Amino acid sequence: MYRIIDDPNERQWGMLVHLAALATFIIPVAGNIIGPLIVYLIKKDEYEFVNDQGKEVLNFQITWSIIFFISLILILVGIGVLMLIGFGIAWLVLVIVASVSASNGTPYKYPFTIRFLQ
C-alpha cells in the first residue's frame with residue numbers, strides 16, 4: 001500500500017508535476033513531456049513524492065505520445081481521427097484524475113503505461 005503524503009508543499013508539487021502535462025496546449029508537440037520534466041528535475045531531490053510521481057507522469061506522457069503518433073499515421077487509413085479523439089479525451093481525464101489524487105497526497109499509477117523510467 002502507498003504512504004499518504006501529509007506535507008502540503010510536497011502534495012502541491014506532486015500535483016503540479018501532473019498538471020504540467022497540460023503544457024502541451026502551449027507547446028503542442030512536446031509540451032506534455034517538457035512541462036513535467038522541468039518540474040521533476042527541479043523538485044525530485046527535494047521531495048520523494050515528486051520523484052516518484054514525476055517518473056510516473058513522464059512514463060505516461062512518453063507512452064501516450066507514441067500512441068498519438070501512431071494515431072496520426074493511421075489517419076491515412078481512416079481510423080486515426082477517431083483514435084485521436086478517444087485517446088485525447090482519455091489522456092485529459094487521466095491527467096486530471098492523477099492531479100486530484102496527488103493533491104490528496106495519494107500516489108497515482110497511470111494505466112496502460114510503458115515503464116521507461118524506474
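User: Where is the place of Val 17?
Analyst: Val 17 sits in helix α1, residues 8-19. Helices here are DSSP runs (H or I, at least four residues), numbered from the N terminus. The model is predicted: local features need pLDDT of at least 70, side-chain atom pairs count only at pLDDT 80 or more, and totals for chains, interfaces and linings use all residues. Residues are numbered from 1 along each chain as its sequence is written, and side-chain values use heavy atoms, with hydrogens and water left out.

User: Is Val 17 buried or exposed?
Analyst: Val 17 is buried, at 0% relative accessibility. Buried means under 20% relative accessible area, exposed over 50%, partly exposed in between (1.4 Å probe, protein chains only).

User: What is Val 17 in contact with?
Analyst: Leaving aside neighbours within four places in sequence, Val 17 contacts Pro 36, Val 39, Tyr 40, Gln 53, Gly 54 and Val 57. Contact means heavy atoms within 4.5 Å.

User: And how are Val 17 and Val 93 separated?
Analyst: Their C-alpha atoms are 16 Å apart, with the two residues 76 apart along the chain.

User: New topic. Which residues does Leu 94 touch?
Analyst: Phe 60, Trp 64, Tyr 108, Tyr 110 and Pro 111, not counting residues up to four places away in sequence.

User: Which helix holds Val 97?
Analyst: Val 97 lies in helix α4.

User: Is Val 97 buried or partly exposed?
Analyst: Val 97 is partly exposed, with a relative accessible area of 39%.

Note on methods: Helices (H or I, at least four residues) and strands (E, at least two) are DSSP runs, numbered from the N terminus.
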